[in-house]
Amino acid sequence: MNFELKTALLDNAALEKLDALIVLVGTNFVPATGRLSDLVQQAVKLGDLDTKAGKLLQLYATAGVTAPRLVLAGAGDLSAHHIRRAVLGAVATLKPAKNVKKLGIWIAPAAGAEAVAAAVCAVADASYVYTTTMSKPQGRTISSSLLMVPDAQGMKPAFDRAVATVRGIELAKEWGNRPANHATPNLLGQAAKALAKLPRIKCDVLGPKQVAKLGMGSFMAVAKGSQEELRFIVLSYSGGTKAEAPVVLVGKGITFDTGGISIKPAADMDEMKFDMCGAASVLGTFRALGELQPAINVVGLIPTCENMPDGRAVKPGDVVTSMSGQTIEILNTDAEGRLVLCDALTYAERFKPRAVVDIATLTGACVIALGAVRSGLFSSHDELAAQLQAAGEASLDLCWRMPLDDDYAEGLKTNFADVANVAGRAGGSITAAKFLQRFAAKFPWAHLDIAGTAWKSGAAKGSTGRPVGLLVNYVLGQVKPDATPVPGVKPTKPQARKPVKTGKPVAKLGHAARLP
Ligand code: BES
Ligand code: MN
Ligand code: ZN
């Protein structure tokens with residue numbers, strides 16, 4: 001998707017050469033001069049256009065409007081939330097038309113920069129099409145969006161951030177959506193390597209031997225049942241000085257979760273290809289950082305493997321030794337996410353991080369607790385928790401803080417190891433977080449359980465790219481005011497903003513190194 005930002009009043013917007021024009025009409029619509037403004041005013045006055053967010057009125061071949069299709073979209077109070085709802089609705093009605101390529105969106109003067117960012121993210125979200133494993137990929141029809149605002153210059157920083165965030169969200173969606181046989185740990189490693197083409201980004205991908213040498217016995221136990229080799233991905237973005245402590249992001253990268261010997265039921269098991277969405281959100285965040293080049297250091301850690309049943313698979317009751325030295329009794333092989341994350345958390349210690357945030361499709365219990373609206377946020381560090389919560393609100397990528405009382409850890413006690421990997425069914429997302437907390441004592445730590453938010457089920461089945469929006473917002477919020485990025489190791493030539501290429505034939509799927 002190609003994005004453009006332009007200063008335009010409503011009567012200028014009417015003259016743009018577009019396949020469709022969306023006019024976002026807030027409840028406090030202030031009429032201006034011109035035919036289109038008159039039309040909007042009439043539609044509101046006669047009661048045919050409801051200005052509640054999400055209400056639509058479609059018109060065709062309107063006098064004075066160059067675009068053949070005109071969508072008047074109610075946008076409520078013009079808040080980011082309402083703009084998002086309005087744009088999602090309007091774009092959804094235009095998506096089936098096979099000839100809407102260039103879209104224009106006019107945003108009323110009263111809307112702020114957050115509203116512009118919300119419009120960018122919403123148009124990308126609603127027009128997204130997955131194509132990678134289609135034999136005849138159609139690609140996305142809506143390929144270019146022109147945003148028209150009263151003050152393009154003033155809104156440019158928010159716009160640029162939003163466009164970079166969209167690049168990250170779409171990278172996360174791509175890897176989330178790929179089936180497990182097209183998104184193996186090795187391919188995820190290649191996707192991370194491809195990110196290292198961006199300025200200031202480096203990537204190391206460790207294999208089984210190096211991981212064994214590090215003593216990651218817990219991570220290795222999960223990977224044992226699979227024919228696919230595990231990978232441990234280490235990404236770094238260096239925009240700050242060498243001395244500056246980094247933010248570390250840790251993403252769960254289970255490319256397929258059968259449950260292992262504690263095997264899952266068949267129904268909907270296909271959705272466990274999404275069990276690497278935490279990893280995908282880390283890749284997506286680095287994609288955005290590579291574009292925005294902020295003055296901060298960020299490390300990304302991704303333990304990635306499959307969780308499979310096999311003659312060599314880890315068995316319920318097995319005790320393994322984690323990198324931290326703590327022994328773990330694996331009572332349920334389906335609680336594998338925490339087993340790969342705990343070793344990655346221990347690895348994070350070497351960076352002396354200012355904060356570590358892990359992101360994981362960790363528990364079905366979190367889906368029960370919070371549904372698909374908010375991710376679960378767990379943290380023993382109030383300031384970090386507040387920053388993440390605020391970043392979620394600002395990016396419309398919401399999360400909600402959950403408790404971490406020590407009493408919740410009671411069920412993790414066992415007679416056979418330092419800790420068990422599961423407690424009872426009650427408070428399942430919290431006991432999972434309590435397990436992780438044991439490995440995160442040496443730095444401010446937070447955990448995002450994205451089991452309910454990372455993908456949608458049913459007819460709209462697909463990755464959401466969450467919580468890339470939250471993470472990008474959080475990381476940018478950590479940049480010191482007035483800090484300028486240190487010189488990059490690679491020539492920082494501006495990255496060409498080519499539209500995301502979709503439509504690769506299946507035969508070319510080996511090209512994981514390509515950077516969407
Ligand atoms: N990847 C799953 C969590 C999951 C399940 C996410 C369903 C979204 C939908 C995780 O590895 C898992 O299987 N967790 C178990 C933990 C249990 C065995 C303590 C769960 O939630 O059932
Ligand atoms: Mn599992
Ligand atoms: Zn899992």
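## Strand 14 and its partners

V247 stands opposite A355 in strand 14, where strands, like helices, are DSSP runs numbered from the N terminus (E, at least two residues, for strands; H or I, at least four, for helices). Strand 9 (residues 247–251) pairs with strand 14 in the parallel sense over five bridges, pairing being assigned if DSSP finds at least two bridges between two strands. Strand 14 also pairs with strand 18 (residues 445–449), in the parallel sense and over five bridges, and V356 stands opposite W445 there.

Because six of the six residues of strand 14 (residues 355–360) are buried, this strand is largely enclosed by the rest of the structure; buried means under 20% relative accessible area, with a 1.4 Å probe and protein chains only.

Since D257 lies in strand 10 (residues 253–257) and D275 in the loop between strand 10 and helix 9 (277–292), the pair ties together parts that are 18 residues apart in sequence. Both D257 and D275 are buried.

## Basis of the values

This is a predicted model, in which local features need pLDDT of at least 70 and side-chain atom pairs count only at pLDDT 80 or more, while totals for chains, interfaces and linings use all residues. Side-chain values use heavy atoms, leaving out hydrogens and water; residues are numbered from 1 along each chain as its sequence is written, and chains are lettered from A and ligands numbered from 1 in the order in which they are written.

Methods. Buried < 20%, exposed > 50% of the residue type's maximum accessible area, 1.4 Å probe, protein only.
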